[in-house]
Amino acid sequence: MYGSHNGRFGTRGAGAVVIGAALLLAGCSSSGDGDTGSGGGGKNPAAIGQQPKGTDPYWVNPDGNAARQVARYTEDGDGKNAALVRKIARQPVGEWIGPDNPEAEAKGFTEAAAKADREALLVLYNIPHRDCGQFSKGGAADGNAYRSWLDGVAKGIGDRGATVILEPDAVLHLVDGCTPQKFHEERYDLLKGAVERLKQLPGTRVYLDAGNAGWHTPDALFRPLQQAGIDAADGFAVNVSNFQTTEVSKDFGKRLSAKVGDKPFVIDTSRNGKGPYTGGAPENSWCNPPGRALGETPTTSTGDELVDAYLWIKRPGESDGDCRGGPKAGAWWPEYALGLARSTT
């Protein structure tokens with residue numbers, strides 16, 4: 001086990017291919033702020049809208065797992081649970097691009113976001129030998145397959161606005177020895193090439209994943225990040241799918257930033273409201289820990305010039321893996337979503 005294994009990969013797969021067309025045809029990616037799901041007069045009590053653009057420019061997917069769960073609870077007359085899951089559904093979360101149709105998925109998400117006058121938040125997680133064969137194993141078959149997949153993503157984004165979180169764990173698994181040495185050179189080359197390819201796009205920002213404060217130190221990370229292309233990236237991401245508090249993550253990020261040219265960073269606050277789980281075996285603390293809570297809601301108004309945004313990169317309510325009674329990695333788990341929402345003050 002490794003401290004960052006998180007059941008990262010989403011389960012929407014090919015279903016996301018048509019999301020752009022479906023949302024555009026339905027007209028449900030409105031640019032209006034707020035939603036009509038309070039039960040106070042909206043035509044659809046389960047509808048999900050957008051957050052105010054000034055503080056949160058990222059697109060809220062009105063057809064995400066949480067939004068669909070809100071609709072199911074509403075249809076069943078379960079207003080209490082619908083209100084709890086709405087805490088998740090009404091916030092923008094990362095859209096994890098699947099392996100099979102990258103161009104269509106990236107195009108669908110960015111087109112829907114653009115129609116809503118927002119920016120898409122995308123997560124790319126398809127590096128070969130991903131997750132060292134653990135819960136989220138997989139990835140592209142080889143380097144050439146990855147480059148082709150990445151090119152599809154880039155074509156799908158085009159000139160629309162997007163923020164990309166690039167390959168969670170990919171650098172860290174080089175540092176901790178989880179990824180065999182024979183794959184290191186190729187991975188560095190793929191990551192650097194991905195940064196360069198994505199930065200050719202006029203409206204795309206790229207943040208290279210840099211792990212979390214509980215897993216290695218800035219001293220161990222800065223040279224690998226440089227080798228992976230951090231100089232050409234807009235910054236780096238910390239705490240992706242993890243539970244380190246925002247303050248701890250901010251301190252970690254600032255110490256790392258000082259070693260990589262004062263690059264800014266983003267923090268995943270999706271489930272860090274109560275910090276890491278300290279019960280049970282430490283090696284299992286990352287996997288569906290009980291009693292956790294949602295963290296700060298997504299925003300670009302962080303009050304800190306080095307912190308570009310608080311983001312929900314991991315989608316709250318999706319499983320880390322088949323541990324503690326959870327479904328497979330990335331599968332929607334309504335009971336866990338409810339637990340996160342109930343624990344959030």
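This short talk covers salt bridges in the structure above.

The model is predicted, so to speak of local features I need pLDDT of at least 70, and side-chain atom pairs count only at pLDDT 80 or more, while totals for chains, interfaces and linings use all residues. Residues are numbered from 1 along each chain as its sequence is written, and side-chain values use heavy atoms, with hydrogens and water left out.

A search of the whole structure gives 15 salt bridges, a salt bridge being a side-chain nitrogen of Lys or Arg within 4 Å of a carboxyl oxygen of Asp or Glu.

I start with R315. Its salt bridge to E95 has the closest N and O atoms 3.4 Å apart. R315 sits in the loop between β7 (307–311) and α10 (334–342), and E95 in strand β1 (residues 95–97), so this pair ties together parts that are 220 residues apart in sequence. Helices here (H or I, at least four residues) and strands (E, at least two) are DSSP runs, numbered from the N terminus.

Are these two residues buried or exposed? R315 is buried at 7% relative accessibility, and E95 is buried at 4%. Buried means under 20% relative accessible area, exposed over 50%, and partly exposed in between (1.4 Å probe, protein chains only).

R315 also pairs with E318, the closest N and O atoms being 2.7 Å apart. E318 and R315 are both buried. Through shared partners, salt bridges join E95, R315 and E318 into one network.

Next, helix α9 (residues 246–257). R255 and D251 both lie there, four residues apart, about one turn of the helix. Their salt bridge has its closest N and O atoms 3.1 Å apart. R255 is partly exposed at 41%, and D251 is partly exposed at 42%.
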